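Subject: Structure handover

Hello,

Please find the structure below, with the sequence beside it.

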Amino acid sequence: MGSLDSYLPIFVLFVLALAFAGLSIVASKLLAPQRPTSAKEAPYECGIVPANEPPQRFPVRFYLVAMIFVIFDIEVIFLFPWAVVYDQLGRFGLVEVIVFAAAAFFSLLYLVANGALDWGPVRRVRPVSSLQSRTTASTVRRVGTGSGEAA
Amino acid sequence: MPDPLFAHGVGLAVIVIVVVKALVAFAALLVATMLMVWFERKVISDMQDRIGPNRAGPYGLLQSLADGTKLFFKEDLLPDRADRFVFRLAPLLAVVPAFLMFAIVPVGGVVTIAHHVVELQVADPPMGILFLLALSSVAVYGTMLAGWSSGSKYPLLGSIRASAQMISYEAALGLAVVTVVLESHSLSTRAIVQSQAHHVWQWNVLRLGIVPFVVFLIASTAEMNRPPFDLAEGESELGGGFNTEYSSLRFALFYLAEFMNTITMSAVAVTLFFGGPDGPGFHFLPWLWPIVWFVGKTVVFCYIQVWIRASLPRMRYDQLMDLGWKRLIPLSLGWLLVVAGVIVSVAWGFALLGAGIVGAALLYQAVRVGRRRRDASLSTAASATAVVRPGPPAPVLRSLDAEKAGS
């Protein structure tokens, strides 16, 4: 084992945490009532009957942020070993990291100048007519009127 | 320096010590989390001129216990559109890292029990602080998968927001931690604490300049999804956020994880920047005082977290991302270079400070260029739609005006 010894307490804590979470879920399963109905199991939208499916596609910015994050996080990961031995590297280490940071910083400048990290509202001209089918008459469930009510 | 407990191999006594350490940490964390929930509710109540929980136990101290017990008896719903396996997995992914993150925090000094040198922290692995960063990344999965597996649109929106937010601030958080490592020459939390011992001027918050600490405080608040960065659970627009579909004990686990993370991040801030258990000791019970100092400092930070929550309104999403990417990341990167320069020589430090100011000017210019390009593309789009509209064409100055004219 050797160097892995120091992870032993973490492993014990991991087992404890997992046991705690697992046992509480089992206990709740035994103690709690289980009377599911279709209304309870429907997606919760504050009482509005869900009319649209959850979106399958997301604004591309989220993916863009994920990719940019990978670049910067890898930079941070490279910096950790550098920081540990920095006092032995001296001036060489400093110049090295200046070059490295400059590369990262100028790519950030490029991204910012291209608007890759802009999160302003997307202003788009949208036809108003598509929203007219959703009114209180069509989306609010009237309890006791029969149609559309859960069993 | 490796953990001295394992210097002579793993015997029975060592295993007993390890299990006892883990059990104590586990129990202490659970109790501390319950108290933290009570503390937060009580402090916020005071700040809002309310009384807060005062029924269960003295001063309402047992309120969290009562709430938790109640949740055991509540129906656990599984939405019909949910991905059943992932929906059940997500609370575990949130709560287990929350427990483990505390493992690397040094809560006290070093004691000798039955000829074994025991550090008062659950574990002291060589990679120390990296373990914390790794686990905080795992915790993102808990949030993300919870929303994704619910099969409902508001939790999905909340979780996507949360994951983008958490990864954005992780880079700034990491850069602030690198600055600390630069001064302590080690990733081990014990070594980080020892490098700050003996004097207040040795504390990293002063030694590194106040900037890395401020970046760490903001980034860790955002990383935990605490107000004012709690966009993942914007009640007003997302109906509750990523855990909307969770009920009963699974919800309680998310709640537990959130408050446990608050305590852990306060403890980590104390460890990294405020000397951890460092403080004046006395001859009476010498092992006790470091723990007292550590707990005291951590409570102060917990209070600050509650204070922030009570004072600041929630941010808008674009402001949140701008703060993370365009301010905190460049700032922490620049400050890291300045600290690295000062370690070599003061002249290098000032040179890099100058370079940092030039960099800030460049960044400001880049933001302006980006905004101008966006406005240009928007105004061409607006004028294209304005052609079909009768009436005198208004001069298109800014995109907002153009949009108003177009609608």
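**A loop in chain B, and what follows**

B:Pro228 is in the loop that runs between helix 8 (211–223) and helix 9 (235–238) of chain B. The peptide bond that leads from B:Pro227 to B:Pro228 is cis, with omega near 0°. Please keep in mind throughout that this is a predicted model, so every value here is computed from it.

Two other loop residues in chain B deserve a look for their backbone angles. B:Asp49, which is found in the loop between helix 1 and helix 2 of chain B, has a phi near 60°, a positive value in a residue other than glycine. Phi of B:His185 is likewise positive and near 60°, and B:His185 is placed in the loop between helix 5 and helix 6 (189–194) of chain B. As background, most residues other than glycine have a negative phi, and most peptide bonds are trans. Are these two residues buried or exposed? B:Asp49 counts as exposed because it has 6 C-beta neighbours inside 10 Å, while B:His185, with 15 other C-beta atoms within 10 Å, is partly exposed.

Of the 151 residues in chain A, 19% are buried.

How many residues of chain A are in contact with chain B? There are 65 of them, and they are in contact with 84 residues of chain B. The elements of chain A that give two or more residues to this side are helix 1 (8–31), helix 2 (38–41), helix 3, helix 4 (86–89) and helix 5 (91–113). Helix 1 of chain A gives the most, with 16 residues. Sorted by class, the side of chain A that touches chain B has 46 nonpolar, 8 polar and 11 charged residues.

Helix 1 of chain A can also be checked for its length: at 1.5 Å a residue, its 24 residues should span 34 Å, and this agrees with its end C-alpha atoms, which are 34 Å apart. Its buried residues include A:Leu8, A:Pro9, A:Ile10, A:Val12, A:Leu13 and A:Leu16. Among the elements that cover the buried residues of helix 1 of chain A are helix 1, helix 2 (63–72), helix 3 and helix 10 (248–273) of chain B.

**Helix 3 of chain A and its two partners**

Helix 3 (residues 60–84) of chain A packs with helix 5 (residues 153–184) of chain B at an angle of about 15°, with the axes 9 Å apart. The two helices are therefore roughly parallel to each other, and helix 3 of chain A passes helix 5 of chain B in a left-handed crossing. By class, their contact has 18 nonpolar, 2 polar and 2 charged residues. The residues that meet there include A:Phe62, A:Val65 and A:Phe69 in helix 3 of chain A, and B:Ile160, B:Ala164 and B:Ile167 in helix 5 of chain B.

Within chain A, the axes of helix 3 and helix 5 come within 12 Å and cross at roughly 170°, which makes helix 3 of chain A roughly antiparallel to helix 5 of chain A. Here A:Ile68, A:Phe72, A:Glu75 and A:Trp82 in helix 3 meet A:Gly93, A:Val97, A:Ala104 and A:Leu111 in helix 5. This contact has 6 nonpolar, 1 polar and 1 charged residues by class.

**Inside chain B**

Helix 3 (residues 84–101) and helix 4 (residues 128–149) of chain B pack at an angle of about 160°, with their axes 8 Å apart. These helices are therefore roughly antiparallel to each other, and their crossing is left-handed. Their contact has 17 nonpolar, 4 polar and no charged residues.

Lastly, B:Ile17 is found in helix 1 (residues 12–47) of chain B and counts as partly exposed because it has 17 C-beta neighbours inside 10 Å. Not counting residues up to four places away in sequence, B:Ile17 touches B:Leu5, B:Ile113, B:His116 and B:Val118. The C-alpha atoms of B:Ile17 and B:Ile113 are separated by 8.7 Å, although these residues are 96 residues apart along the chain.

Best wishes

Technical notes:
Residues are numbered from 1 along each chain as its sequence is written. Chains are lettered from A and ligands numbered from 1 in the order in which they are written. This is a predicted model: local features need pLDDT of at least 70, side-chain atom pairs count only at pLDDT 80 or more; totals for chains, interfaces and linings use all residues. Axes are lines fitted to C-alpha atoms, for helices over the stretch in contact, and angles run from 0 to 180 degrees between N-to-C directions. Helices (H or I, at least four residues) and strands (E, at least two) are DSSP runs, numbered from the N terminus. Angles under 35 degrees count as roughly parallel, over 145 as roughly antiparallel, 65 to 115 as roughly perpendicular and the rest as oblique. A crossing is left-handed if the near helix is turned anticlockwise from the far one by less than a right angle, and right-handed if clockwise. Two residues are in contact if their C-beta atoms, placed from the backbone, lie within 7 Å. Ala, Val, Leu, Ile, Met, Phe, Trp, Tyr, Cys and Pro count as nonpolar, Asp, Glu, Lys and Arg as charged, and the others, Gly among them, as polar. A residue is buried if 20 or more other C-beta atoms lie within 10 Å of its own, exposed if 12 or fewer, and partly exposed in between; C-beta atoms are placed from the backbone. The expected span of a helix is 1.5 Å times one less than its number of residues.
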